[in-house]
Amino acid sequence: MHGPASPGWLLVALCAATGAYCLLRMRSEVEEQRRAAGGEALMGFGMAAMAVPAAVFTPPSWAWSVYAVVFGAAAVRALWAARASTHHLHHLVGASAMVYMAVVMAASPGHHAGSGIPLLTGVLLLYFVGYVLLSGVRLVPVAAGGGSVGWGDRPELARACRLSMGIAMVAMLATL
């Protein structure tokens, strides 16, 4: 991503840790949680890879096309899954944002595409800022699970995972 290296590495660490926790959530007993966690793990690790500072590593030009294809497929899957649950519409927006960022990065590797915020970037920023604020409010009243609840089934950790990915998406879009 564009921007200084230090915040970029923090973003890489946040996204990779979130992706790793989502892999742990895939061990849940509930099938829907496993499926959602798999998609969120893909998003976390993909965001971590895209957030590596350009000053440190510039991926080959074909890598952005791979990102666009992978997240395009994730968007199609989320669209298909949205027939059963509207929660998947958020996954559709997230995967589509990743495709958009990959296309922008392919068009302007290592530097800003232009001055100002393009309309689509602004709309995505508004969506994810709203999502982060709403997720933060929803996280506050959740009591920590106790007893025999496994790591994959703790709702407060799943919400915190989604919140951190939303924050990372805001940061990535802001530096685009």
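How many nonpolar, polar and charged residues does the lining of the largest pocket have? By class, this lining has eleven nonpolar, seven polar and four charged residues. The structure is a predicted model.

**Largest pocket**
- The largest pocket holds about 350 Å³ of space, and 22 residues line it.
- A36, G39, E40, M43 and H91 are the lining residues that lie nearest the centre of the pocket.
- Two or more lining residues come from each of helix 2 (31-51), helix 3, helix 4, helix 5 (119-139) and helix 6 (155-174).
- Helix 2 gives the most to this lining, with seven residues.

**Helix 2 and helix 6**
- The axes of helix 2 and helix 6 are 11 Å apart, and the two helices pack at an angle of about 30 degrees.
- Their crossing is left-handed.
- On the helix 2 side, E40, M43, G44, M47, M50 and A51 take part in the contact; they meet R162, M165, A168, M169 and M172 in helix 6.
- This contact comprises eight nonpolar, one polar and two charged residues.

- A82 is located in the loop between helix 3 (61-81) and helix 4 (87-107).
- A82 counts as buried because its relative accessibility is 15%, and buried means under 20%.
- Leaving aside residues up to four places away in sequence, A82 touches H88 and L89.
- A distance of 8.3 Å separates the C-alpha atoms of A82 and L92, which are ten residues apart along the chain.

Conventions. Residues numbered from 1 in each chain as written. Predicted model: local features only at pLDDT ≥ 70, side-chain atom pairs only at ≥ 80, totals over all residues. Heavy atoms only, no water. Helix = DSSP H or I, 4+ residues; strand = E, 2+ residues; numbered from the N terminus. Buried < 20%, exposed > 50% of the residue type's maximum accessible area, 1.4 Å probe, protein only. Contact = heavy atoms within 4.5 Å. 1 Å grid on protein atoms, 1.4 Å probe; cavity = no way out; pocket = protein on both sides within 12 Å on 5 of 7 lines; lining within 4 Å. Points joined across faces, edges and corners; volume = space filled by probe spheres on them. Nonpolar A, V, L, I, M, F, W, Y, C, P; charged D, E, K, R; others polar. Axes fitted to C-alpha atoms, helices over the stretch in contact; angles between N-to-C directions. Left-handed = near helix turned anticlockwise from the far one by under 90°.
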